[in-house]
Amino acid sequence: MMWTSKLGNKYNKEEIEASHKQQLRFLEKLRSEPDNRICAECGKQGTVWSSVNLGVFTCLRCGSLHRALGTHISKPKGCTGTYLW
């Protein structure tokens, strides 16, 4: 079975899903590091967002603020498995 991206490219769905699961495991390993459990903006425990261009993890509130900044400043992505990394 093939998966079609938003740009119209076609990929093997099984390979995409396997790669996605592997990336989520690695992301969870990174988030489990003591310094990455704390929001880089406000210092609260529990990170669910990441700014991929800044290389930081943020809490839900600060992640939504990063989304509002614009992608020319911060490129936030959810870490809960809803996005392909």
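Helices (H or I, at least four residues) and strands (E, at least two) are taken here as DSSP runs and are numbered from the N terminus. On that basis, histidine 66 is placed in helix H2. The model is a predicted one, in which local features need pLDDT of at least 70 and side-chain atom pairs count only at pLDDT 80 or more, while totals for chains, interfaces and linings use all residues. Residues are numbered from 1 along each chain as its sequence is written, and side-chain values use heavy atoms, with hydrogens and water left out.

**Layout and confidence**

- The protein chain contains two helices and five strands, which follow one another from the N terminus in the order β-β-α-β-β-α-β.
- Along its principal axes, the C-alpha trace of the protein chain spans about 45 × 25 × 15 Å.
- The mean pLDDT (the predictor's confidence in each residue, from 0 to 100) of the protein chain is 91, and 95% of its residues reach 70 or more.
- Among the elements, the lowest mean pLDDT, 88, belongs to strand S1 (residues 2-4), and the highest, 96, to strand S4 (residues 56-58).

**Burial and contacts across the chain**

- Of the 85 residues in the protein chain, 24% are buried, where buried means under 20% relative accessible area, exposed over 50%, and partly exposed in between, with a 1.4 Å probe and protein chains only.
- Taking contact to mean heavy atoms within 4.5 Å, 29% of the contacts between residues at least 6 apart in sequence join residues at least 24 apart.

**Helix H2**

- Within helix H2 (residues 60-69), the buried residues are Cys62, Gly63 and His66; seen down the axis of H2, they fall within an arc of 105 degrees and so line one face of the helix, the arc being that of the directions from the helix axis to the C-beta atoms.
- These buried residues of H2 pack against strand S3 (49-51), S4 and strand S5 (76-78).
- On the face of H2 turned away from the buried side lie the exposed residues Leu60, Arg61, Arg67 and Ala68.

**Histidine 66**

- Histidine 66 counts as buried because its relative accessibility is 6%.
- When its neighbours within four places in sequence are left aside, histidine 66 is in contact with Glu41, Ser51, Leu54, Thr58, Ser74 and Pro76.
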